[in-house]
Amino acid sequence: LTPELLSKYAGVQFGEPVWFKAGAQIFSEGGLDYLGNPGLIHAQSILAVLGFQVILMGSVEAYRVAGGPLGEGKDSLYPGGSFDPLGFGDDPNALAELKVKEIKNGRLAMISFFGYQVQAIVTGQGPVENWLAHISDP
């Protein structure tokens with residue numbers, strides 16, 4: 001949404017501000033400039049981006065599974081501990097209920113993103129353009 005909003009209302013020039021078309025820019029001749037700025041990250045190789053992503057995410061996951069300095073002695077797959085500064089997981093019954101709510105919210109988010117994808121395939125436009133079309137002619 002942010003690139004599409006910046007392109008429409010702030011005049012920031014992107015190669016392709018619509019989210020479902022943006023990734024294809026890496027295959028273009030000039031590559032992909034993140035946030036339209038070649039000084040930030042200028043990606044020209046999908047293999048380099050993929051390798052960098054695997055290294056970054058792999059190191060973060062290895063750190064998490066190994067316990068890290070804040071999670072020593074805790075279950076490495078449970079995100080509580082230092083990740084629960086407000087103490088929502090102190091009561092076991094409340095924690096079980098919160099886990100179920102988190103799963104349901106995650107599933108709802110996946111369904112809503114699927115709606116974004118279907119809308120993009122059907123209309124060929126991003127969510128901002130679709131919303132504006134709906135507001136102008138409900």
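A surface patch here is made of residues with over 30% relative accessible area and no salt bridge, with like charges joined within 9 Å and nonpolar side chains (Val, Leu, Ile, Met, Phe, Trp, Tyr) within 5 Å. Accessible areas come from the Shrake-Rupley method with a 1.4 Å probe, and for residues only the protein chains shown count as cover. This is a predicted model, where local features need pLDDT of at least 70, side-chain atom pairs count only at pLDDT 80 or more, and totals for chains, interfaces and linings use all residues. Residues are numbered from 1 along each chain as its sequence is written, and side-chain values use heavy atoms, leaving out hydrogens and water.

Let's start with the nonpolar patch: Phe27, Ile46, Leu47, Leu50 and Val54 make about 560 Å² of surface. Ile46 sits in helix α3 (residues 46-66); helices are DSSP runs of H or I with at least four residues, numbered from the N terminus.

Next comes helix α4 (residues 92-123), where Phe113 and Tyr116 are three residues apart and so about one helical turn from each other. They form a tilted aromatic pair, 6.4 Å centre to centre with 35° between the planes (ring centres within 6.5 Å; under 30 degrees is stacked, over 60 edge-to-face, the rest tilted).

Helix α4 also holds Lys101 and Glu97, four residues apart. Their side chains meet in a salt bridge at 3.2 Å, N to O (a Lys or Arg side-chain nitrogen within 4 Å of an Asp or Glu carboxyl oxygen). A search of the whole structure finds one salt bridge.

The table lists partly exposed residues (buried is under 20%, exposed over 50%, partly exposed in between).

| Residue | Relative accessible area |
|---|---|
| Ile46 | 42% |
| Phe113 | 41% |
| Tyr116 | 33% |
| Lys101 | 43% |
| Glu97 | 48% |

Notes. Helices (H or I, at least four residues) and strands (E, at least two) are DSSP runs, numbered from the N terminus. Buried means under 20% relative accessible area, exposed over 50%, partly exposed in between (1.4 Å probe, protein chains only). Rings of Phe, Tyr and Trp (its six-membered ring) pair if their centres lie within 6.5 Å; planes under 30 degrees apart count as stacked, over 60 as edge-to-face and the rest as tilted.
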